[in-house]
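Let's walk through this one together, moving from the overall layout to a single helix. Keep the viewer open as you read.

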Amino acid sequence: MNRSTTTRLGVLAFGLVLAGAAAAQTPAPAPAPAPAPAWQQGRSGDQATSTLHPFAPILTGRAASELPLDKLKVPSGFKVEVWAEGIPEARSLTLGDKGTVFVSNRNLKDVYAITEQGGKRSVTKVLRGLNSPNGVAFANGTLFVAERHRITAYDGIEDKLASPPEPRVVIDNLDPTSQPGHFWKFLAMGPDGKLYFNVGAPGNIVMPSYAQATINRVDPKTGVMEIYASGVRNSVGFDWDPRTKDLWFTNHARDWVNDDLPHDTLHRAAKKGMNFGYPFCHQGDFLDPEYGKGRSCSEFEAPAAKLGAHIAPNGMRFYTGSMFPAEYRNNIFIAMHGSWNRSTKQGYSVMRAVVDSAGKVELSPFLEGFLSDAKADPPMWGRPNDLLVMKDGALLVADDYNGIVYRVSYAR
Amino acid sequence: MRRGVAAALVASAGALGCTGAAAQVTDAQRQKAAPCAACHGAEGRAPLADTPSLAAQPKQFITTQLVMFREGNRKSEVMNALAAPLSNADINELGGYFAAQASPLPDGPPLPADAAAAGRALADRLLCSQCHGAELKGQQHIPRLAGQRADYLRNQLLGFKAQTRFDMDGNMTAAAQALTPADIEILATYLGSLH
């Protein structure tokens, strides 16, 4: 839109300058043909008639009363309830020092705050007019927001939710090419005081530039950025092991190979500079049919776990609370947002990952019931996208399809 | 297979108690929709040139477009102004209202057999039903094409081809690139003639 407006204005100015000067004017150049959308990129010829497609969120949100909440299932002793509604496309969650839960979105332009006062919970839109503000992180009184092209800081925002401060830019020019595909950014504050965010691959299966398909970190004090991990197709969920301070992250593998390959993955990046394989190797042991020629998966870091093909692991959090039974401590919860690129759908759940001392990961379902019919279109009535461990130990789950935040609690 | 998908969609919508085509229209909804009627028709069948019929469009398509007009992503002086004050609840209500209206009648006289055949062949070749549904009646956030005003369809397709029409996911912009002006004419007339 902006580009076309600019082009039209440019053509107009060009015409004015030349008016009356020359009889033969160059006709306005036609725009270059638009490529296939990023989600279709990499389809084989016989996949061109596939009816598989990503699902769009309901951008106005749906009332909890419209939803089949009785279908939701948690392990014995746990309880799931609607904690907040009316937050369209509730996408990523972060917790303020004073208890405010901030919620972002991706196709919209806002950040919401959920506050509690005198036992009453309220939802307020606090930031507007942002550019795909998918990432939110909070530290030392400051809310950080990752938009498509920049990261900004809102100092002391919890004390002035009614009139938030002007944004302070931490880093800008994060999307100099207006890249198609995976331009939205997850954001988290690392134990080193630096902000971590992804720059996804600019398509399904393409050769990224050196700055793409990465996890990066930026020092909010200096605005200096560095690539932390590469070969990461798109990670929109990460957290740090509270014991070792190692970074763990989820990753979406490529689409359009087949229903069962490759798996989406869970990774551990114990140090800076690791390469996780994209676009050459997926899931640690599957060479890409195109880019994998002449390469070996042994060049790259293997994942900690394969999570399922197309299952779309998004938010992940270590469980650091004390409400759940002791065996849950330091487990990883993962929100499975998919799948769409699979004829029989799976996922649409929150999984629990237990990592043993040898690094072996065991997965089990934790919150299920959003998947209503694995063969239907759409197959689900809700989509877990991000998670947040609250101070009381309850687990919040953001559902961006409906604009709802659920709370999972445990009663002793 | 495609019919199967559509049937499953209807079944799952029913199971969830979503407001679909069979939903009751309330007086409050009718009142809220009154400002829309001047251009889009009282029952969502647009009497005005280059104005879309909204009747029987999928609810999620209407609500998505109203959000995009409200947020300024999709540009239209009239619609940007009208959508600006709408709450999400208002938009959900309007979406439900128009989705529940009887589908629009075919736009214009019946097509000669050869024009219909040419349109069908082109729509098949372009895989329109892949997203717009087996009978091109729309699904989820994707619009119904059957019975839409041909002049409106023509202008949207020209806009997609010129890359000036707002496109949330780039699908239609990409799909329209190969179309010639003659293709667009054939398609728009054919789609408008469907019921």
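In this predicted model, the centres of domain 1 and domain 2 of chain B, taken over C-alpha atoms, sit 21 Å apart. If you want to colour them separately, domain 1 of chain B covers 27–99 and domain 2 of chain B covers 113–193. Where they touch, domain 1 of chain B puts in 16 residues and domain 2 of chain B puts in 14 residues. On the domain 1 side of that contact, you'll find seven nonpolar, six polar and three charged residues.

Now zoom out to the other chain. Here 30 residues of chain B are in contact with 28 residues of chain A. Several helices of chain B each supply at least two residues to that side, namely helix 1 (2–15), helix 3 (59–70), helix 5 (88–99), helix 7 (129–132) and helix 9 (171–176). Helix 1 of chain B gives the most, with five residues.

Finally, have a look at helix 2 of chain B, residues 27–40. How far apart should its ends be? With 14 residues at 1.5 Å a residue, helix 2 should span 20 Å, and its end C-alpha atoms are 18 Å apart, so the two agree. Along the way, helix 2 of chain B bends by about 55 degrees at Ala34(B), with a proline, Pro35(B), following within four residues. Just after helix 2 of chain B comes Gly41(B), which takes a positive phi of about 85 degrees.

Notes. Residues are numbered from 1 along each chain as its sequence is written. Chains are lettered from A and ligands numbered from 1 in the order in which they are written. This is a predicted model: local features need pLDDT of at least 70, side-chain atom pairs count only at pLDDT 80 or more; totals for chains, interfaces and linings use all residues. The expected span of a helix is 1.5 Å times one less than its number of residues. The bend at a residue is the angle between axes fitted to the seven residues ending there and the seven starting there. Domain bounds come from an automatic or database domain assignment. Two residues are in contact if their C-beta atoms, placed from the backbone, lie within 7 Å. Ala, Val, Leu, Ile, Met, Phe, Trp, Tyr, Cys and Pro count as nonpolar, Asp, Glu, Lys and Arg as charged, and the others, Gly among them, as polar.
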